[in-house]
Amino acid sequence: MAPLVVFATGNESRGDDGLAPVLARRAGLEARAGVTLVIDYQLQVEHALELEGRRLALFIDAGKDTPAPFELRRAQPSPRFLHTTHALAPEAVLETAQRLGIALPEAWVLCVRGEQFELGENLSDPALQHLDAAELALRAFLAQ
C-alpha cells in the first residue's frame, strides 16, 4: 500500500472546479511511486477507508473564497467542518475514519483559488495562474 494517498476532487465540466484533477495529472501523481491518487467529483464517507494504512493524506480541491493563489494547511478531524461545495470536507472524512477506528495519517489540504464554476466553462485565466503556483507548491511538498 502506498504511504501517500491524494484525493483530487472536482468536476472538470464546471470550469475552475476541475482545478484539482488537472493539478494532479500535471504533477504526474497517477504514475508516481508511493502515491495512490483518488480523483472524484466529491468526497464521500467511503473515502475514509482509503486512509487506512497511510502515513500521509493530501486533499486537493478548488475554492471560491480561498486566498489567491492557493492555501496549504494541516487538516484535523472535525464533525462540524461540513461547509463546502462537495459532499464532505476533508476534516469530515478524517472524522469518519477516526470513528471507524482507523489510525489517522498526517493530513493536509491544498485548496487552489477558483473564480468561475459554471457548467461547460474552461479553467479561467486567473485559475490557470493559480494552478501554476499550486503545482510548484505541490512538487515542493512531495519532495519533502
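This is a predicted model: local features need pLDDT of at least 70, side-chain atom pairs count only at pLDDT 80 or more; totals for chains, interfaces and linings use all residues.
**Entry 1: strands S1 and S2.** I began with a pair of residues: Val-5 stands opposite Thr-36 in S2. I then followed the chain from S1 through H1 to S2 and found this β-α-β crossover to be right-handed (with the strands pointing away from the viewer, the path from the first strand over the helix to the second runs clockwise). S1 and S2 pair in the parallel sense, and I noted six bridges for them (two strands pair if DSSP finds at least two bridges between them). My helices (H or I, at least four residues) and strands (E, at least two) are DSSP runs, numbered from the N terminus.

Residues are numbered from 1 along each chain as its sequence is written, and side-chain values use heavy atoms, with hydrogens and water left out.

**Entry 2: the sheet.** I traced an open sheet of five strands in the order S2-S1-S3-S5-S4, with mixed pairing. Its edge strands are S2 and S4 (70-74), each of which pairs on one side only. Neighbouring strands are turned by 15 degrees against each other on average, direction ignored (axes are lines fitted to C-alpha atoms, for helices over the stretch in contact, and angles run from 0 to 180 degrees between N-to-C directions). At the S4 end I looked up the partner strand: S4 and S5 run antiparallel, joined by five bridges. There, Arg-74 stands opposite Trp-108 in S5.

**Entry 3: helix H1.** I listed the buried ones as Leu-19, Ala-20, Pro-21, Val-22, Leu-23 and Ala-24. Their cover includes S1 (4-9), S2 (35-40), S3 (56-63), S5 (106-113) and H3 (125-143). H1 lies across S1, S2, S3 and S5, and runs at about 135 degrees to S1. After H1 I came to Gly-28, which has a positive phi near 70 degrees.

**Entry 4: H1 against H3.** I found these two helices packed at an angle of about 50 degrees, with axes 10 Å apart. H1 and H3 are therefore oblique to each other (angles under 35 degrees count as roughly parallel, over 145 as roughly antiparallel, 65 to 115 as roughly perpendicular and the rest as oblique). From H1, the contact uses Leu-19, Val-22, Leu-23 and Arg-26; among the H3 residues I noted Leu-131, Glu-135 and Leu-138 (contact means heavy atoms within 4.5 Å).

**Entry 5: two loop residues.** I looked up Glu-52 in the loop between S2 and S3. Glu-52 is partly exposed, with a relative accessible area of 47%. Not counting residues up to four places away in sequence, Glu-52 touches Met-1 and Ile-102.

Next was Ala-68, which sits in the loop between S3 and S4. Is Ala-68 buried or exposed? Ala-68 counts as exposed, at 53% relative accessibility. With residues up to four places away in sequence again left out, Ala-68 touches Arg-113 and His-130. I also checked Ala-68 against Val-22, 46 residues apart along the chain: their C-alpha atoms are separated by 17 Å.

How values were computed: Buried means under 20% relative accessible area, exposed over 50%, partly exposed in between (1.4 Å probe, protein chains only).
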